[in-house]
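Please open the model in a viewer and keep the selection panel at hand. The stops below are given in the order in which they may be selected.

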Amino acid sequence: MQMAAHLEIPRTQWTGRQAAWRALEDHQRATRDRHLRTLFADDPERSERMTAEAAGVFLDYSKNRIDDETLRLLIDLAEQSGLRARIEAMFRGEKINVTEDRAVLHVALRAPKESSIVVDGKNVVPEVHAVLDKMAAFAHRIRSGQLKGHTGKRIHNVINIGIGGSDLGPVMAYEALKHYSDRAMTFRFVSNVDGTDFVEATRDLDPAETLFIVSSKTFTTLETMTNAHSARAWSLAGVGGEAKAVAKHFVAVSTNAEKVSEFGIDTANMFEFWDWVGGRYSMDSAIGLSTMIAIGPDHFRAMLEGFRVMDEHFRNEPFARNLPVLMGLLAVWYNDFFGAQTIAVLPYDQYLKRFPAYLQQLTMESNGKHVTLAGSPVDCQTGPIYWGEPGTNGQHSFYQLIHQGTRLIPCDFIAFGRPLNPLDRHHDMLLANVFAQTEALAFGKTVAEVKAEGTPDWLVPHRLFEGNRPSNILLLEALTPAALGKLVALYEHSVFTQGTIWQIDSFDQWGVELGKALAQRIIPQLESLTEPKLEHDSSTNALIRRYRKLKGSG
């Protein structure tokens, strides 16, 4: 397979990767029918040996369909794929996002102030901390009541307007860390261009007490700017109609000072981020301004510290004890060698109810690719589908399919030893369900066990649990800001590991562009007062005409 010269991937490495891949295929064929019941019975120390702990995150991966040889072969695949070199290249600020010729430096967003990460001859760390300091000062002014709206009322409501990473990160972080938020303030998030999203977010709010954070790098994103202009009209109508009021009720997270100024926002209240941060990796940048206002600068910096310690673990720890590497390799094992198409993420903490949705973008926008870094078609499956819901809710909906369905669905269970809201026996019951579900998935219930319960023969097949369903357990002390940072960084680097194995670019997202471009063509055709000339396919043309008729334009 021909590799692009500028990627500097040696032919010997590519050959080594292919050999490692074939060795895993042979190993899987030889071991695929072994049951977890047998693996545990034959290895009394398995549950102690197949764990890893770092930075306060404990990973039990013993309930996976692997043995020591599997791990050795997976780690060899990582080494032959150049994972260590690629990790170092990322941390050094090399332009590993090859299709956009960009560095990939979400790790710089949480780097210590004294560190140095150079991009195009410039240390970017001082810029990062300058923006963090600016965010902290602004957050303090809002939280303390110093910054008031146009009519002199204190700001009580903050609405973040963004989409994709500019929405999913902030809303996930707000929900996850709500325990630490200022409950005297209301936080809302608007992303969908469906007008209902904006109307419902603002229906019960006073414009004079509401601040909007408009997050768009270019300040041209269709959905974000459509919502921003509706917000502008709503805000001005509520505070007297003076255009100068915009500067008191809007701030921007952007790099386009000209567009920000045209909108009426004071560029002194424009918070910068950089093209070496992808949207889905940006929740700890200025995109997290709403998070910082909600939980305060100190908690936000604690979250950054959580990110940082996981970054350092990923960069420095041997692969055999490296949490993100182990999770990434296990994802590859099931996706490519067992044909598993999805991974369920099951947080047993209600505050993490938006975490699976956040991971959907992080994982699938990153690794939903069909060509290698060199532009050649991939020769394996990439990008499993990540999905999930918080426990115990999911147990009463889709767990039936995981336990007794025909599909193999590896699961990540996330739990915390200490509840943020102690309430009688609730947390013991919650954690009992975590442990019980992983036990049931792994070991199931045999025919003999079902019959021993007195089950009639005709009912036995229905009550049989095959087991051998793999899972990881991630156990942390409590859901603190630092813990959230660790969890997000853990999955970020697991995604990176998977993408490196597949030899794809995990940091571009060209797949989102075509539909957006076509929408820009169709919008004027829907809004035209006269019958437009349509040159789409027959289905799209018919749908446009039907919609125009429904809205009374046709």
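The tour goes from a sheet to the helices on it and then to aromatic rings.

This is a predicted model, in which local features need pLDDT of at least 70 and side-chain atom pairs count only at pLDDT 80 or more, while totals for chains, interfaces and linings use all residues. Residues are numbered from 1 along each chain as its sequence is written, and side-chain values use heavy atoms, with hydrogens and water left out.

**The sheet**

Select the open sheet of 5 strands, whose order is E6-E5-E7-E8-E9 with parallel pairing. Strands are DSSP runs (E, at least two residues) and helices are DSSP runs (H or I, at least four), numbered from the N terminus; two strands pair if DSSP finds at least two bridges between them. At the edges lie E6 (186-190) and E9 (270-271), each of which pairs on one side only. Next, select E8 (residues 250-253), which pairs with E9 in the parallel sense over 2 bridges. Ala-252 stands opposite Met-270 in E9.

**Helices on the sheet**

Then select helix H9 (residues 222-238), which touches E5, E6, E7 and E8, at about 160 degrees to the direction of E7. Buried residues of H9 include Met-225, Ala-228, Ala-231 and Trp-234, where buried means under 20% relative accessible area (1.4 Å probe, protein chains only). Just after H9, Gly-240 takes a positive phi of about 105 degrees.

**Aromatic rings**

Rings of Phe, Tyr and Trp (its six-membered ring) pair if their centres lie within 6.5 Å; planes under 30 degrees apart count as stacked, over 60 as edge-to-face and the rest as tilted. The count comes to 23 aromatic pairs. Select Phe-212 and Phe-250: their ring centres are 4.9 Å apart and their planes are at 15 degrees, so the pair is stacked. Phe-212 lies in E7 and Phe-250 in E8, 38 residues apart. Phe-212 is buried, with a relative accessible area of 0%, and Phe-250 is buried, with a value of 0%.

Terms used: Contact means heavy atoms within 4.5 Å. Axes are lines fitted to C-alpha atoms, for helices over the stretch in contact, and angles run from 0 to 180 degrees between N-to-C directions. Buried means under 20% relative accessible area, exposed over 50%, partly exposed in between (1.4 Å probe, protein chains only).
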